[in-house]
Amino acid sequence: MTELTIALTKGRLEKQTLTLFKQAGIDTSFMEDKQRKLIFDSPDQRFTFLLVKAADVTTYVRRGVADVGIVGKDVLMENPYGYYEMLDLAIGKCKFSVASTPNYQPDDYKRKRIATKYPTVASEHFRAKGEDVEIIKIEGSVEIAPVLGLADAIVDIVETGTTLKENGLAVFEDICSVSARVIVNKAKLKRKRQAIFRLFTELKSVIDEEE
Ligand code: PRP
């Protein structure tokens, strides 16, 4: 058995996470030609890496199948319980925004329909502004919702802004910034303290605090 099991977010964040580990002196070369494999043990038996969907990282960590998880703050804001959030890795940087077509009237006071993959974040945002909105939960391609009249606006993550632009949308309001975080299983923080803090020290040495 390896020392630590780490759930990594598959896809967009994966490459940046592996680059950061490499910079921190942690060998991840055995994952480079991974093909369709999803579980990897490091040859030195220090780590087991699991490649899972972002929304599942919190589940694996909460239930102790993974000791540590690396996932975007956007996902944590939707699932804010059952783990410790320990480090901001300053990678995967993007923001939550309200966006829509140019004719959107943010100050119009009819009840707005907001399409989003992030119902908690969206409802919190409008609730804090004292605005009652209807949340329409969708799973992806959120940008087309205002174009097709499914919603008045969207709440989504914006990284380069390309998806918004290519679908004729613009940002009307920024909600908060988002970046990748390290989360830890509550019981494992005690049981595997040494291995976890060794990893933190290595990662901290390469976190870009400037950006
Ligand atoms: C996210 C988000 C936007 C896009 C923004 O989706 O929902 O659609 O990225 O990125 P950009 O500003 O660089 O264009 P993602 O690609 O993660 O896919 P998903 O819709 O499957 O969640």
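Which residue lies over the face of tyrosine 81? In this predicted model, that position is taken by arginine 62, at 4.1 Å from the ring centre.

The UniProt record, in an unreviewed entry, places the feature "domain: ATP phosphoribosyltransferase catalytic" at residues 53-204. In the model, this span is 35% helix and 30% strand, and its end C-alpha atoms are separated by 24 Å.

The structure contains 6 aromatic pairs. One of them joins phenylalanine 21 to phenylalanine 49 in an edge-to-face arrangement, with 5.7 Å from centre to centre and 80° between the planes. Phenylalanine 21 belongs to helix H1 (residues 14-23) and phenylalanine 49 to strand E3 (residues 47-52), so that the pair links distant parts of the chain, 28 residues apart. Both phenylalanine 21 and phenylalanine 49 are buried. A further pair is formed by tyrosine 104 and phenylalanine 172: their ring centres lie 5.0 Å apart and their planes stand at 85°, and the pair is therefore edge-to-face, given that planes over 60 degrees apart are classed in this way. Here too, distant parts of the chain are linked, since tyrosine 104 is located in the loop between strand E6 (94-100) and strand E7 (113-116), whereas phenylalanine 172 is in strand E10 (residues 170-178), 68 residues away. The two partners are assigned to separate burial classes: tyrosine 104 has a relative accessibility of 10% and therefore counts as buried, while phenylalanine 172, at 31%, counts as partly exposed. The cut-off for a buried residue is under 20% relative accessible area. Ring pairs also connect Phe21, Phe30, Phe47 and Phe49 into a cluster.

The buried residues of H8 are Ala195, Ile196, Leu199, Phe200, Glu202 and Leu203. Viewed down the axis of H8, these buried residues fall within an arc of 165°, and they therefore line one face of the helix. The face turned away from the buried side of H8 bears the exposed residues Gln194, Thr201 and Lys204.

Terms used: Residues numbered from 1 in each chain as written. Predicted model: local features only at pLDDT ≥ 70, side-chain atom pairs only at ≥ 80, totals over all residues. Heavy atoms only, no water. Buried < 20%, exposed > 50% of the residue type's maximum accessible area, 1.4 Å probe, protein only. Helix = DSSP H or I, 4+ residues; strand = E, 2+ residues; numbered from the N terminus. Arc of directions from axis to C-beta. Phe/Tyr/Trp six-rings, centres within 6.5 Å; stacked < 30°, edge-to-face > 60°. Lys NZ or Arg CZ within 6 Å of the ring centre and 35° of its normal. UniProt positions renumbered as here; feature names shortened; annotations may be inferred.
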